[in-house]
Amino acid sequence: MMLIRDVFLSIAVLLSLSVFAQEQMTFSSELNKTRYQSLVEELRCPKCQNQNLADSGSGIAVDLRELVHQMIEQGKTDQEIVDYMVARYGSFVLYRPQHSTATFLLWYGPFILLGIGLLAFVVVVMANRKRRGRDL
Amino acid sequence: MRKLLFFMPLAVFLVLGVVFYLQLGKDAQYMPSALVGKKVPEFTLVSLQDDQVYTHKDLPNTSYLINFWGTWCPACHVEHPFLMELANSGVPIVGIDYKDEKVLAEQWLEQKGNPYQVILMDEIGNFGVDMGVTGAPETFVVDRSGVVVYRHQGVINAENWPEIKGYMK
């Protein structure tokens, strides 16, 4: 019994770690706070393999969060902040990749495959129908 | 034709197998630097040794290394003796004392020796961010025209030095 409770407790602690990773910050408006939160969730920590800035406790993530905070308060737009990060850390930091020729297949590949699948489906159904018509 | 279709899954499996096999053993931590091919970003930093203000214009005119280090960084202790060797063999190294305290850095240099031509203090880490640094030690190779040609994350040692040296032109 104790063991199960311990496991649940440690899971609860682990889940709340992301909350601890955030520093106390003051924002001049609610909008800025919301923008900050969505930005640090969308930007990837360059030190980590798969964590966003919001969740990471690594030194560089703490610094970059502070930078995002400063830039928002200085009146920079979201796009300017994202460009700033990409210029320094590459498109690696984007969890939502930019639309470009390099990411064309990434964005539209699934739809192209879906199209091919639909086409194949229609062709096969038509062929079957034709054959059945002949057999009758 | 129909029979060939049956072998499609096998073919797909083989292709994927080869792709995955080639990825094995690769360093998953490796991340290309966004700075390669660009000039060293502009900066204004204070030197550790003589409290003079340095800008990007004061950087060496030859090919050199920019090494980010800090006394808080365990791997930098490991790297230091090899940097001393490089300095003794005439490789110019610009040190960036990254997010460190001046007193601790001075102690470190006194005890272990100074492999750097000049050491600039980046206490807040802003120049580190401009260089796309994620930690220390991290080393950049800058060529004669002031363009960053290579970035190495982690310790430089006798094993990986030949590759890094190849970029110094």
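**Exercises on a predicted two-chain model**

The model is predicted.

**Exercise 1.** Determine in which sense strand 3 and strand 4 of chain B pair, and over how many bridges.

*Solution.* Locate the strands: strand 3 of chain B covers residues 64-69, and strand 4 of chain B covers residues 93-98. Next, follow their directions: the two pair in the parallel sense, over 5 bridges. In general, strands of a sheet pair through backbone hydrogen bonds, in either a parallel or an antiparallel manner.

**Exercise 2.** Work out the strand order of the sheet in chain B, and state which strands form its edges.

*Solution.* The sheet of chain B is open, has 7 strands and runs in the order 2-1-5-4-3-6-7. Its pairing is mixed. The edges are strand 2 (53-55) and strand 7 (148-153) of chain B, each of which pairs on one side only. From one strand to the next, the twist averages 30 degrees.

**Exercise 3.** Describe the hairpin of strand 6 and strand 7 of chain B, and find which residue in it takes a positive phi.

*Solution.* Begin with the pairing: strand 6 of chain B (residues 138-142) and strand 7 of chain B pair in the antiparallel sense over 5 bridges. Across this pair, F140(B) stands opposite R151(B) of strand 7. Then turn to the link: 5 residues lie between the strands, and G146(B) has the positive phi, near 85 degrees.

**Exercise 4.** Characterise the packing of helix 2 against helix 3 in chain A.

*Solution.* Take the geometry to start with. Helix 2 (residues 30-42) and helix 3 (residues 59-73) of chain A pack at an angle of about 145 degrees, and their axes are 10 Å apart. The crossing of helix 2 past helix 3 of chain A is right-handed. Now list the residues that meet: N32(A), R35(A), Y36(A), L39(A) and V40(A) come from helix 2, while R65(A), V68(A), H69(A), I72(A) and E73(A) come from helix 3. Sorted by class, this contact has 5 nonpolar, 2 polar and 3 charged residues.

**Exercise 5.** Compare the UniProt record for residues 105-127 of chain A with the modelled chain there.

*Solution.* An unreviewed UniProt entry places a "transmembrane region" at residues 105-127 of chain A. In the model, this stretch of chain A is 100% helix and 0% strand. The C-alpha atoms at its ends are 30 Å apart.

Conventions:
Residues are numbered from 1 along each chain as its sequence is written. Chains are lettered from A and ligands numbered from 1 in the order in which they are written. This is a predicted model: local features need pLDDT of at least 70, side-chain atom pairs count only at pLDDT 80 or more; totals for chains, interfaces and linings use all residues. UniProt positions are given in the numbering used here, feature names are shortened, and annotations may be inferred rather than shown by experiment. Helices (H or I, at least four residues) and strands (E, at least two) are DSSP runs, numbered from the N terminus. Two strands pair if DSSP finds at least two bridges between them. Axes are lines fitted to C-alpha atoms, for helices over the stretch in contact, and angles run from 0 to 180 degrees between N-to-C directions. A crossing is left-handed if the near helix is turned anticlockwise from the far one by less than a right angle, and right-handed if clockwise. Two residues are in contact if their C-beta atoms, placed from the backbone, lie within 7 Å. Ala, Val, Leu, Ile, Met, Phe, Trp, Tyr, Cys and Pro count as nonpolar, Asp, Glu, Lys and Arg as charged, and the others, Gly among them, as polar.
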